[in-house]
Each structure stands twice: as structure tokens, then as C-alpha cells.
Amino acid sequence: MNIILLGPPGAGKGTQARRLVAERGMVQLSTGDMLREARTSGTEMGKRVAAVMDSGALVTDEIVIGLIAEKLEGDTGGGIIFDGFPRTLAQADALSDLLGEKNTELATVIEMQVDDDALVARITARSTCADCGEVYNDNTKPIPADGKCSNCGSDKITRRADDNEDSLKTRLLAYYKQTSPLIGYYYAKGLLTDVDGLAEMDDVAAEIKKKLDTV
Ligand code: ADP
Ligand code: ZN
């Protein structure tokens, strides 16, 4: 079963995707993680997109579609969770073509609804493990006292360069302008469903599980 988690930055897509990986053996494809990996490993493409990412704007469709196409050639196990992709209508069309070539399709698109104030509060309090992607929050899930990631033991827990108020403004604008049209697009295809992203993490997970059990 292939699904999309759709929602603004800070909606909790990554957190929920990681749970689905652990609980259902699904594969998480996060273009944000792929792009950050490209930056850390210093590839040409990584260097090219760094400034765009830090500003909070979207990188080109061509680059992210290329990244996804490459991953879809590999083993996609118990289904794919698309996290942070697609973010434009062109990406959504490309995804539909790519899945068609694999003789598969989307089962559902889950929109995670959250209001802007909550997003700003979450993101400005957020830290992320650079090695495994585990997410910490100053208020709700502080970094362990020894500074080591509780998931993988890494000591590289950092604030993302784009988790600041300026970049966040640009990211939210990009979401409303370029990504939110996908809500109508998938509604028209009969694939859209939504969950309350403001609920407790476990309750959001339960709601998503319920949705997945009925598709
Ligand atoms: P967020 O917390 O904003 O959802 P992500 O980790 O998904 O962050 O993405 C971080 C940045 O990577 C985005 O602001 C954008 O610059 C770039 N990016 C990630 N996915 C895409 C995509 N599908 N299309 C264009 N740019 C992307
Ligand atoms: Zn970690």
C-alpha cells in the first residue's frame, strides 16, 4: 500500500512516517531527508540546493523527481510512505506516472491538519538527530541529558538550518502557494482523507491506522 502524508512543515509527517515504518514494514521516502543527505555527503547536487533549502524555498521539480525515481527502482517492501513529496502539481503528476510504470498506485493521501501558530511553536523548539532523523522538542520531548540520541546513540542532535522563523515564513508560504493545491487535486481523484495533526502523537498514529485499515 502506497500513501502520501501531506501537510505543512511541522505537521508531524516525519514522526508518523517513522512509526509506520516500524509498525508496518513500510518504506519512508522523504525528499527532505534525501536532500539533506546529499548536502552532508557533499555531492554536486547537494551543494547546489543548500542555499535554496536554507531559505525555505522549494528546490526544482526536476531534482526531487529524479531522487524519487531512483528510489522507486529499489525494493519498496510493504509499501511506500511519501513524506514531503509531492509538493507541487508537477511532482504529483510525475509520481502518478512513476507508480504507473511500476504497476502500482496510491491507496490514499492523508492530510495532516494543523494551524500556523502550532507549527511555528513546534518548529522553533525542534531538534533533529542528524544520523537517524529522530525528532526532539524542547517542550514535549527534550534531548536526553547525556546529549545522545535515544534511538541510535548518535551525539549529532542539531537544529536544522531552516528551523528558524525567517525560513519558516518562506516554507509556510511555499506550502500554501505550491503544495496546498494538491489537497484539491487528490480530493478530485477520490484519494483524500484527513487527520487532526494537533492531537497527541499516539492519537494521531491511531487515527492514521484507522484510515489505513479501511482503504
Ligand atoms: P519540512 O519540515 O519543511 O516539511 P522537509 O525536510 O520535508 O521539511 O524539507 C526541507 C526542505 O527541502 C524544503 O524546505 C525544500 O527546500 C526541500 N524539499 C524537500 N522536499 C521537496 C520537494 N518535494 N520539492 C521541492 N523541495 C523540497
Ligand atoms: Zn539518532
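Helix 7 buries S167, L168, R171, L172, A174, Y175 and T179. These residues cover an arc of only 160° around the axis, which puts them on the same side of helix 7. Please keep in mind that this is a predicted model.

**Helix 7, inside and out**

- Which residues sit on the face of helix 7 turned away from its buried side? The exposed residues there are E165, D166, K169, L173 and K177.
- Helix 7 runs over residues 165-179, and at 1.5 Å a residue its 15 residues should span 21 Å. The C-alpha atoms at its ends are 20 Å apart, which agrees.
- Q178 also belongs to helix 7. With a relative accessible area of 36%, Q178 is partly exposed, because partly exposed covers what lies between buried (under 20%) and exposed (over 50%).

- D162 is found in the loop that links strand 7 (157-158) to helix 7.
- Is D162 buried or exposed? D162 has a relative accessible area of 9%, so it is buried.
- The side chain of D162 has a partner: it makes a polar contact with the side chain of R160, at 3.0 Å.

**Helix 3**

- Helix 3 covers residues 44-55, and among its residues M45, G46, V49, A50 and M53 are buried. Looking down the axis of helix 3, you would find its buried residues within an arc of 145°, so they line one face of the helix.
- On the face of helix 3 turned away from that buried side are the exposed residues E44, K47, R48 and A51.
- S55 is part of helix 3 too. Its relative accessibility is 33%, so S55 counts as partly exposed.

**Helix 1**

- How far does helix 1 (residues 13-24) reach from its first C-alpha to its last? The twelve residues of helix 1 reach 16 Å, close to the 16 Å expected at 1.5 Å a residue.
- In helix 1, the buried residues are K13, Q16, A17 and L20. Seen down the axis, these buried residues fall within an arc of 105°, so they line one face of helix 1.

**Around ligand 1**

- There are 20 residues around ligand 1, and those that come nearest are T31, R36, A57, G84 and Q91.
- What kinds of residue make up the shell around ligand 1? The shell divides into eight nonpolar, five polar and seven charged residues.
- Helix 2 (residues 31-40) gives the largest share of this shell, with four residues.
- On its own, ligand 1 has 550 Å² of accessible area, and the protein covers 97% of that.

**Two backbone details in loops**

- Most peptide bonds are trans, and most residues other than glycine have a negative phi.
- The peptide bond from F85 to P86 is cis, with omega near -5°. P86 lies in the loop between strand 3 (80-83) and helix 5 (89-101).
- N103 is not a glycine, yet its phi is positive, near 55°. You can find N103 in the loop between helix 5 and strand 4 (106-113). With a relative accessible area of 75%, N103 is exposed.

**Sequence distance and distance in space**

- V27 lies in strand 2 (residues 27-30) and counts as partly exposed, at 25% relative accessibility. V27 and G77 are 50 residues apart along the chain, and their C-alpha atoms are separated by 6.6 Å.
- How many residues separate S55 and S127 in sequence? S55 and S127 are 72 residues apart in sequence and 18 Å apart in space, C-alpha to C-alpha.
- Q178 and A94 are 84 residues apart in sequence, and C-alpha to C-alpha they are 15 Å apart in space.

Terms used. Residues are numbered from 1 along each chain as its sequence is written. Chains are lettered from A and ligands numbered from 1 in the order in which they are written. This is a predicted model: local features need pLDDT of at least 70, side-chain atom pairs count only at pLDDT 80 or more; totals for chains, interfaces and linings use all residues. Side-chain values use heavy atoms; hydrogens and water are left out. A residue is near a molecule or strand if one of its heavy atoms lies within 4 Å of it. Accessible areas come from the Shrake-Rupley method with a 1.4 Å probe; for residues, only the protein chains shown count as cover. Ala, Val, Leu, Ile, Met, Phe, Trp, Tyr, Cys and Pro count as nonpolar, Asp, Glu, Lys and Arg as charged, and the others, Gly among them, as polar. The expected span of a helix is 1.5 Å times one less than its number of residues. Buried means under 20% relative accessible area, exposed over 50%, partly exposed in between (1.4 Å probe, protein chains only). The arc is that of the directions from the helix axis to the C-beta atoms. A polar contact is a pair of N or O atoms within 3.5 Å; within protein, one must be able to donate a hydrogen and the other to accept it, and residues adjacent in sequence count only if both atoms are side-chain atoms.
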